Amino acid sequence: LQIVPYFAAVALIIIMFDGGLNLHIGKVLKTAHFAVILVIVGFAVSVGIVSVFAHYGLGWEWIDSVLLGSIVGGSSSIIVFGLVKKLHISEEAKSMLNFESALTDIFAVIVAFVLFEAILSGEFSLDLLGVTIGKAVMVGLVLGFGVGIPWMFVISKLKNAQHSYMLTIGMVFMLFFLATSFGESGALTALVFGIMLGKKNYFTRLLKVKFPENVIDDSLHNQVTFLVRAFFFVFVGLLASFAQIEYVIFGVVAAIAIYVGRIVITKSVLVRGFSKLDKKVTSVMIPRGLAAAVLATYPLSMGLPNAEAYPQIIFFVVITSVIITTIGL
């Protein structure tokens, strides 16, 4: 438990950097408006459902209930990215689902950290939430672009240096902790940095420099992300237990309620331009995953109220949501 904060930070860095590398901006822009509506409405509905259940079902304070809801509020980009590659749905639907899952990961992380601070300080307001998100986005963009562009020139001079990938990961770590030391979102900084390196062909034309082919060693990167994913899912599994049956029931019922809410949202938002199959796939794409698992461990290291309950409830929400998605597909 003492090393949880460090592994949680590493996992968060890798998730966001990987999400940025795999985000296809061109395809995303075509369906961005649908994705943004899905993110805002879907996240709000999921948080609302889980918060009400936690407050009235478990007797938690509202702020603790909303924190639990925000942690499981979004679908997992790592699971969604992997699934949509293999589905026979339209390219627009694929890019929309990818973008939505990447955005909800960021949303969940930023909102959760604002609530962590609010619980620790005993103060919370919607104005504070808005200002915090705005500052987090600004610092993330400034650091991501401000360091990303010079780093591309550095990488271009290294040519095919043997350890360029590890140097890049080291730079992502530095950016993450620099942003965190400012009290802002290191996660968003890692995402922006990942987007820049993932779109190096675009920046090659824009900056008129030639980058080496293997800025990112895909096979090594895939192994690193797999190691982090495997560690965290096993870790959350170890924290979970069937001793308190109310947590098991809560997790299962919350995931089913999120699924029902998702069906209603999909029918309301995707009104045109998508096939029946696109809509059906979108309605079952509710897997919660690594971001939720990572955030579930933070209350333990911060000593928050009900800290032991978070990993257990979230474990059962993750398991149930993945089963629903699998059967649905």
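Student: What should I know about the model before reading it?
Tutor: It is predicted: local features need pLDDT of at least 70, side-chain atom pairs count only at pLDDT 80 or more, and totals for chains, interfaces and linings use all residues. Residues are numbered from 1 along each chain as its sequence is written, and side-chain values use heavy atoms, with hydrogens and water left out.

Student: How is a cavity found?
Tutor: Rolling a probe the size of a water molecule over the atoms shows where empty space is left. Here a cavity is a set of points, on a 1 Å grid over the protein atoms alone, where a 1.4 Å probe fits but cannot get out. Points join across faces, edges and corners, and the volume is the space filled by probe spheres set on them. This structure holds three cavities of 30 Å³ or more.

Student: How much space lies in the largest cavity, and which residues are closest to its centre?
Tutor: About 120 Å³. It has 18 lining residues, and G42, S46, G73, R262 and R288 are the closest to its centre. A lining residue has an atom within 4 Å of a point.

Student: Which helices supply the lining of the largest cavity?
Tutor: Helices are DSSP runs (H or I, at least four residues), numbered from the N terminus. At least two lining residues come from each of α2 (25–57), α5 (91–121) and α11 (245–269). α2 gives the most, with six.

Student: Which residues line the second largest cavity?
Tutor: That cavity holds about 50 Å³. Its lining is I71, G74, S75, S76, T104, D105, A108, R288, G289, A291 and A292. Two or more of these come from each of α5 and α13 (290–302). The largest share, three residues, is from α5. The classes are four nonpolar, five polar and two charged.

Student: At what angle do α13 and α14 pack?
Tutor: α13 and α14 (residues 309–328) pack at about 165 degrees, axes 8 Å apart. The pair is therefore roughly antiparallel, a label for angles over 145 degrees. Their crossing is right-handed, that is, the near helix is turned clockwise from the far one by less than a right angle; anticlockwise is left-handed.

Student: Which residues make that contact?
Tutor: Contact means heavy atoms within 4.5 Å. From α13 come A292, A293, A296, P299 and L300; from α14 come Y310, P311, I314 and V318. Nine are nonpolar, with no polar and no charged residues.

Student: Is the crossing of α1 and α5 left-handed or right-handed?
Tutor: Left-handed. The axes of α1 (residues 4–21) and α5 come within 11 Å and cross at roughly 145 degrees. L12, I15 and M16 of α1 meet D105, I106, V109 and F113 of α5. That contact has six nonpolar residues, no polar and one charged.

Student: How do α11 and α12 pack?
Tutor: Their angle is about 150 degrees, and the axes of α11 and α12 (residues 276–284) lie 8 Å apart. They are therefore roughly antiparallel. The crossing is right-handed. Y259, R262, I263 and T266 of α11 meet K279, T282, S283 and V284 of α12. The contact has three nonpolar, three polar and two charged residues.

Definitions and conventions
1 Å grid on protein atoms, 1.4 Å probe; cavity = no way out; pocket = protein on both sides within 12 Å on 5 of 7 lines; lining within 4 Å. Nonpolar A, V, L, I, M, F, W, Y, C, P; charged D, E, K, R; others polar. Axes fitted to C-alpha atoms, helices over the stretch in contact; angles between N-to-C directions. Parallel < 35°, antiparallel > 145°, perpendicular 65-115°, else oblique.
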